Amino acid sequence: MMVTPVVLSFLFPLMGTLILAFSAGRLGPRASSVIGVGSVGLAALATLWAVMGHGGGTEGVTLWTWIAVGDFQPTIGLAVDGLALVMMSVITGVGFLIHLFAAWYMTGEAGITRFYAWMNLFVFSMMLLVLGDNLLLLFLGWEGVGLCSYGLIGYYYQGLDNARAAFKAFVVTRIGDVFLALGLFLIFMELGTLDIATVLARAPELWAEGSATANLAALLVLGGALGKSAQVPLHTWLPDAMAGPTPVSALIHAATMVTAGVYLIARLNGLFLLAPDVMLLVGVIGAVSLLLAAFAALAQTDIKRVLAYSTMSQIGYMFFALGVGAFDAAIFHLVTHAFFKALLFLSAGAVIISCHHEQDMGKLGGLWRKLPVAYGGFVVGGAALVALPLVSAGFFSKDEILWQAMAAERTGLLIAGLLGAVLTGIYTVRLILGTFHGEPGSDHARHPEPGTSVFTHHLPLVVLAVLSTFIGAWIYPGLGGLFPEAPGDTVETGHTLLQVLAMGAAIAGLALAGWLFLMRRSWLDNITDKGAGAGLWKLWHHAWGFDALFDRALVRPWQWSVRMLRFDFINLFMNLPALIARAFNAGLVRSQNGRTRSYAVVMVFGTTVILLALALAPGGGA
Amino acid sequence: MILVWLILIPFLGGLLCWQAERWGEQAPRWIALATMLFVLVISVLLWLGGNFSLPGNGESQWLLEWRVDWIPRFGIEIHLALDGLSLILVALTGFLGALAVLCSWHEIAHRVGFFHLNLLFILGGVVGVFLALDLFLFFLFWEMMLVPMYFLIALWGHSGSPGQTRIRAATRFFIYTQASGLLMLVAILALVFVHYSNTGELSFSYDVLRGTDVPEPLAFWLMLGFFIAFAVKLPVVPFHGWLPDAHAQAPTAGSVDLAGILLKTAAYGMIRFALPLFPEQSAAFAPVAMTLGLVGIIYGAVLACGQQDIKRLIAYTSISHMGFVLIALYSGSELAIQGAIILMVAHAFSSAGLFILSGQLYERIHTRDMRTMGGLWSRIPVLPGFTLCFVAASLGMPATANFVGEFMVLFGTFPSAPVVVVIASVGLVLAAIYSLLLMQRVHYGPEYRPGPLKGPDAREYGMMLTLLVLTIAVGLYPQPLLDTTAAVAAPVAELFTDGADLAARAGEVN
């Protein structure tokens with residue numbers, strides 16, 4: 001029976017949240033950590049149980065009917081299939097390691113109870129997102145993770161910048177969510193159901209391939225996915241979201257929540273296959289995002305921002321895979337990315353804490369001997385990120401994506417993907433060299449305090465490092481049977497050629513970076529210091545100026561209209577009757593001035609008018 | 001007879017509170033609390049014992065009915081009736097009434113007895129509005145709510161910024177609602193006289209007047225009279241001018257009642273009277289009403305973002321939320337109307353929560369100006385967490401009742417008016433903006449003034465927790481409410497589609 005472990009897997013985190021939230025400060029930091037980490041650990045065990053007990057196919061259970069009015073019958077119901085189990089394993093497995101690491105990272109921080117309450121609530125919401133058997137329950141999880149992301153980005157509430165970053169993240173993703181909501185309205189109107197399995201069964205029956213409705217529905221769902229997964233043009237929130245504690249960045253803004261969009265599109269694959277134009281758009285957006293973000297990552301100085309742009313870039317690869325119809329490849333990359341990006345973020349966290357919250361590459365450097373565990377994490381994670389051939393997890397998944405693009409004969413996308421691979425190599429080398437090699441840039445970097453806890457510091461890093469190697473690629477079960485056939489499943493010609501190309505791109509990137517940063521350092525600095533090079537550097541540093549554009553095009557007009565309307569002009573309009581009454585009042589008050597002379601004048605005038613009226617009236621005066 | 005008691009209990013309790021002041025300050029509070037809890041318990045018992053399935057042909061749609069002649073020569077009766085919708089709203093009145101008493105426990109220190117007299121008289125009037133079926137009686141209760149509310153704002157209110165005195169706010173509230181009530185009275189009388197000239201029978205009875213055949217241009221004007229009367233109270237932009245002032249200047253209990261219940265009397269009036277009395281005209285008027293709803297959603301949200309007074313901000317969000325209700329009522333979809341009813345309940349909970357929270361903040365820092373808040377998260381325990389919960393409810397986070405309501409409205413309206421839904425959905429983004437702005441301005445950032453403040457006591461904690469639990473319970477399992485009101489919403493939606501058909505046919509004939 002599958003129900004018990006599946007329900008337990010999200011009930012444990014929920015209970016963790018409730019216990020922590022209602023403790024109202026009575027729990028000490030240690031107890032909070034134990035509850036926070038333990039609940040996710042139990043959830044991971046329950047997931048393991050569910051995976052073991054899974055007999056293949058889809059198993060569903062309806063807990064209760066959420067709302068029932070006429071045809072509108074969304075349920076609180078779960079559907080467990082291979083895709084859901086893979087996602088659950090990533091969420092609870094990687095999630096547990098990150099929670100464990102957080103116990104080290106957050107030592108001594110105020111409000112650790114609040115931190116774990118949010119983190120557990122996040123795991124709970126994310127589990128509902130992947131388990132929901134209907135789109136409304138999925139939407140519940142979808143919004144829930146957004147709220148948790150808000151709470152955790154703004155975790156350090158005393159900084160107004162953190163509050164702004166949290167606000168921005170929520171509002172930008174909410175824009176995407178509204179598109180998704182509209183998509184749900186459309187799907188329900190057309191198909192009369194929100195149950196995912198039924199939607200996927202009915203859509204091909206009722207909608208012709210490429211029909212306007214199918215395109216529109218897919219486009220609206222895509223809008224939601226873009227917001228959550230930080231793809232162009234709704235990506236601007238992700239770099240700022242790094243204001244949260246680093247374990248948050250690892251869990252929410254790298255491993256799980258930002259990949260929700262990929263999950264959504266993979267889950268609704270049948271809907272997207274009916275809309276080939278939108279599929280192409282998905283691929284193009286993925287390619288554009290991966291290139292834009294890779295260039296931006298080249299020019300960052302904050303190690304977390306490098307990783308943020310790299311996340312956006314890697315999710316671009318996943319979108320790219322979805323766009324060519326290779327759903328399995330996208331999920332494969334989602335999984336390996338969760339491993340190695342979590343590793344990179346946690347290693348970055350280890351550096352940041354060891355160096356007293358220093359995260360600027362200019363002020364780090366020379367750490368590799370002093371922080372060997374974090375260095376190891378960076379090297380292994382970086383290798384997976386650049387897809388180092390054969391030994392890294394990233395190689396296998398990225399190779400699969402590029403191969404599918406080639407098999408689908410999307411040459412433009414393929415070239416973008418290969419170029420992205422070269423750029424990935426460059427920025428990864430720059431990140432590792434800048435952080436761990438060269439001269440230390442500050443006293444913090446000169447005297448780091450390495451983490452010593454075996455259980456909460458070394459263990460998560462080592463486990464994730466192992467998963468980031470080819471072992472991580474091996475344990476991915478493959479979901480080919482769950483998805484429609486991908487273009488590369490049937491052909492074989494050219495696969496070897498592509499592998500050579502992909503390896504070449506990764507190695508070229510590494511070599512180019514080594515040459516640039518080790519041999520030609522001063523030349524490079526010269527270029528980026530002045531003239532066109534400096535301008536380009538600045539453009540990349542600000543990620544192509546999207547923030548400035550949105551600021552001018554949206555934020556400022558909005559603020560202007562808020563300022564203009566603040567005094568409620570419609571209401572002023574409604575005050576008009578009052579003003580008129582007051583004017584009459586003023587006039588009549590003046591007439592009552594107490595002077596006999598003016599009363600006499602008015603009386604004579606009035607009498608004359610009345611007499612004239614009587615005299616001139618038709619039939620009068622006779 | 002129990003219906004009469006539902007109305008009488010608050011009034012009697014109010015008189016008792018007034019006289020009980022001589023036994024000490026606490027006596028009126030406890031009496032008022034007991035009174036409202038009594039109303040709540042009665043309505044919950046009625047709810048548990050009632051059968052709310054759709055009645056078959058010829059059966060009464062009312063769960064309970066009570067009628068007796070009042071002024072027979074004009075056909076005026078005391079006719080009370082209760083169905084699922086009125087029951088839920090009466091229960092809500094009892095619940096929020098009890099909360100209003102609780103949240104003024106320390107806030108109101110002078111003339112405690114008279115304060116509770118006014119508070120309970122408002123609530124008695126509201127219960128009367130929800131139960132009255134005779135149009136004259138309905139109008140009586142409609143007006144009866146106003147006077148004690150006026151006193152509540154004028155005598156126990158806060159004076160805000162210069163020029164924004166509580167007297168001014170109270171006067172403005174009174175004039176707006178009085179003028180709109182006059183329109184309704186004219187419309188009621190005209191309807192009665194049309195019916196008299198048709199049949200020679202004077203009657204104010206709902207059942208009798210429903211079938212009246214009103215000649216065309218007049219029918220439209222009468223519908224408009226009812227609509228405007230309710231639109232002022234809902235409120236619909238541009239008739240919203242009284243609301244921000246009244247909310248900002250009223251004591252917390254007044255704001256809670258105003259947002260939680262008084263606004264709902266308007267939506268109730270539309271469902272009960274405006275739509276069934278004039279189905280064709282309402283169907284024809286629907287595009288205008290929906291447009292007004294959209295204007296309300298967007299305009300209220302934009303203005304909410306520009307406020308510095310925390311209570312004014314919440315007041316403008318009410319305008320935005322009620323826009324959704326208005327759209328739903330004129331959509332002619334059962335799903336949307338059911339959603340509107342859920343949204344009414346949800347908004348009562350979430351806005352009451354936010355108003356009570358801002359009242360609690362006021363008791364601690366003596367200001368409502370958000371520019372002088374900031375950084376409260378590190379100064380007050382627990383309250384920021386509750387604020388975030390109610391803010392999340394207000395922006396329509398799933399698993400809260402507000403989400404269920406808003407999304408049912410949007411799902412239901414989409415097939416008939418997709419463009420309206422698309423524009424209304426912009427309101428969902430704006431809701432996120434104003435809700436989180438509140439959070440950010442009040443609780444985030446550096447401390448404006450240092451020093452810890454007192455956390456909530458058991459009374460405050462209990463109120464917040466109850467509201468929150470109810471919000472989430474309705475958000476996850478709204479079905480009991482939906483089953484209760486299904487028999488009300490379905491006929492209204494049907495009537496509307498019939499009305500649209502009739503109007504279309506009339507158009508063809510012309």
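The largest nonpolar core of this predicted model holds 437 residues. A nonpolar core is a set of buried Ala, Val, Leu, Ile, Met, Phe, Trp, Tyr and Cys residues joined through C-beta atoms within 7 Å. Buried means that 20 or more other C-beta atoms lie within 10 Å of a residue's own; 12 or fewer makes it exposed, anything in between partly exposed, and C-beta atoms are placed from the backbone. A:A330, A:A342, B:L99, B:F226, B:L329, B:A340 and B:V345 touch the most other members. Helix α15 of chain A, residues 327-354, gives the most to this core: 20 residues. Helices (H or I, at least four residues) and strands (E, at least two) are DSSP runs, numbered from the N terminus. The core also draws at least three residues from each of domain 1 (1-206 + 219-268) and domain 2 (275-519) of chain A. Those bounds come from an automatic or database domain assignment.

Residues are numbered from 1 along each chain as its sequence is written, and chains are lettered from A and ligands numbered from 1 in the order in which they are written. As this is a predicted model, local features need pLDDT of at least 70 and side-chain atom pairs count only at pLDDT 80 or more, while totals for chains, interfaces and linings use all residues.

Now look at B:V345. Leaving aside neighbours within four places in sequence, B:V345 is in contact with B:I88, B:L92, B:A401, B:V474 and B:L481. Contact means C-beta atoms, placed from the backbone, within 7 Å.

Next comes helix α7 of chain A, residues 196-206. Its buried residues are A:I196, A:V199 and A:A203. They sit on the same side of α7(A) because they cover an arc of only 45 degrees around the axis. The arc is that of the directions from the helix axis to the C-beta atoms. Among the elements covering them are α5 (135-153) and α6 (160-191) of chain A.

Helix α6 of chain A also carries A:K168. Is A:K168 buried or exposed? It counts as buried, because it has 22 C-beta neighbours inside 10 Å. Not counting residues up to four places away in sequence, A:K168 touches A:W237 and A:D240. A:K168 and A:W237 are 69 residues apart in sequence, yet 6.0 Å apart in space, C-alpha to C-alpha.

Finally, the two chains meet. Here 43 residues of chain B are in contact with 40 residues of chain A. On chain B's side, α17(B) supplies the largest share, ten residues.

Definitions and conventions. Contact = placed C-beta atoms within 7 Å.
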